[in-house]
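Dear colleague,

Please find the structure below, handed over for your review. The notes that follow it set out what was found.

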Amino acid sequence: MEPNQQHDIETITALVRSIESSQNLREFETIKLPLELVEAGINLWESSFHPEVLKQIANLDPETLEAWAIALSKTLQTQLEILQSWLPHFSTLPIPTTLKQKISDRTQSIQQIASEKSQLLLASANLLSQEEKLQQDNAELQKLKDKIRQLEAIKTELETTNLDNLRQSINEQTAALEPQQQNLRSLQQQKADLNDQITALQSQQTALKEEITYWQTRQNRLETNTTETVTELIALTQLQRQRLSAALASEINTLEQQRTELAQQQELYHQTQQKLEKARQDFQAYQTATEEIRTALNTHYQCDRTLGTFLPVDRQKIDNLCKNLEEILAQIDQELAIARSKHEQAQTTKPITF
């Protein structure tokens with residue numbers, strides 16, 4: 001878009017906005033806006049359709065130029081009609097005489113231009129119709145000339161051609177082409193046979209398609225039945241799974257309780273084992289102390305017997321004491337043997353593992 005056109009469009013846009021924002025176009029400040037809009041539109045005409053552009057359009061696209069001329073004639077006629085409706089009132093309106101004369105002169109100029117454009121349009125329409133007729137006549141003339149050239153060529157060819165030799169050549173070519181014609185007839189017969197076979201194969205294909213359709217339908221029906229059966233089995237499986245889940249949950253709870261009880265038993269076993277280990281350690285300490293006491297008593301007893309042989313003592317009383325002491329020591333040995341046997345049995349018992 002050219003700069004002048006852009007400026008004219010911006011001016012028109014500003015005027016349109018002013019008109020839209022005006023509440024009354026009959027006031028002193030706004031009454032001129034519609035006329036200024038027309039002036040801006042004429043400026044846009046001038047910047048868009050200057051003579052060089054019209055010449056280019058006339059050379060490149062005459063139909064576009066004709067459309068421009070029609071639009072211009074219609075616009076001028078509209079302006080002229082509006083001005084003609086205003087002119088009778090200028091004599092009664094308080095307008096300066098100079099302005100009245102200018103308006104009248106310019107109205108006459110527009111009327112003259114509109115008249116000239118109308119005549120030009122009529123003349124151009126006549127020229128176009130004559131041009132179309134001449135083009136049609138020219139096309140028909142060219143067709144007739146082409147036909148004459150074709151006829152003259154045929155005439156020249158007939159004058160230079162020996163018809164007898166041509167007939168003989170045609171007969172020879174016909175005789176030479178006879179085997180090929182026979183082959184062609186044979187091929188046509190084979191083609192007919194092949195067509196019959198193709199028709200038979202097509203009928204077989206149709207039958208096979210129908211059978212395939214039947215089996216596909218049956219397969220689809222079987223697949224549908226299988227799907228329904230699988231769905232039912234899945235539903236039953238889910239139901240059984242729910243039932244088994246409830247039973248398994250109960251069993252798992254029971255197993256958890258048993259596991260808890262076993263853990264408690266294991267803890268009790270470990271505590272008992274620790275107690276047994278402590279008892280064993282205590283028994284070992286007790287046994288060691290008992291052996292020491294026994295050794296001391298035996299030493300004391302031997303010392304007492306030795307002394308008894310040298311000192312004047314009551315032998316019977318001493319023998320009674322020694323007998324009592326031997327019985328006490330025998331009881332201690334028996335108790336220690338029983339405790340040792342129980343301890344060995346406890347050690348040989350296999351511990352319970354979890």
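**Findings on side-chain interactions**

Tyr214 is partly exposed, at a relative accessible area of 48% (buried is under 20% relative accessible area, exposed over 50%, and partly exposed in between, with a 1.4 Å probe and protein chains only). Please note that this is a predicted model, in which local features need pLDDT of at least 70 and side-chain atom pairs count only at pLDDT 80 or more, while totals for chains, interfaces and linings use all residues. Residues are numbered from 1 along each chain as its sequence is written, and side-chain values use heavy atoms, with hydrogens and water left out.

Trp215 is likewise partly exposed, with 43% relative accessibility. A pair of aromatic rings is described by the distance of the centres and the angle of the planes. Rings of Phe, Tyr and Trp (its six-membered ring) pair if their centres lie within 6.5 Å; planes under 30 degrees apart are stacked, over 60 edge-to-face, and the rest tilted. The count by this rule is two aromatic pairs. For Tyr214 and Trp215, the ring centres are 5.4 Å apart and the planes lie at 70°, so this pair is edge-to-face.

Two salt bridges are present in the structure (a side-chain nitrogen of Lys or Arg within 4 Å of a carboxyl oxygen of Asp or Glu). One joins the side chains of Glu36 and Lys32, at 4.0 Å from N to O. Glu36 is partly exposed at a relative accessible area of 27%, and Lys32 is partly exposed at 46%.

Another salt bridge links the side chains of Arg149 and Asp146, at 2.0 Å from N to O. Arg149 and Asp146 are three residues apart in helix H5 (residues 97-160), and therefore separated by about one helical turn; helices are DSSP runs (H or I, at least four residues), numbered from the N terminus. Arg149 is partly exposed at 47% relative accessibility, as is Asp146, with a relative accessible area of 33%.

Asp8 lies in helix H1 (residues 3-21). Its side chain makes a polar contact with the side chain of Ser47, at 2.8 Å (a pair of N or O atoms within 3.5 Å; within protein, one must be able to donate a hydrogen and the other to accept it, and residues adjacent in sequence count only if both atoms are side-chain atoms). Leaving aside residues up to four places away in sequence, Asp8 touches Asn43, Leu44 and Ser47 (contact means heavy atoms within 4.5 Å).

Yours sincerely

Note on methods: Helix = DSSP H or I, 4+ residues; strand = E, 2+ residues; numbered from the N terminus.
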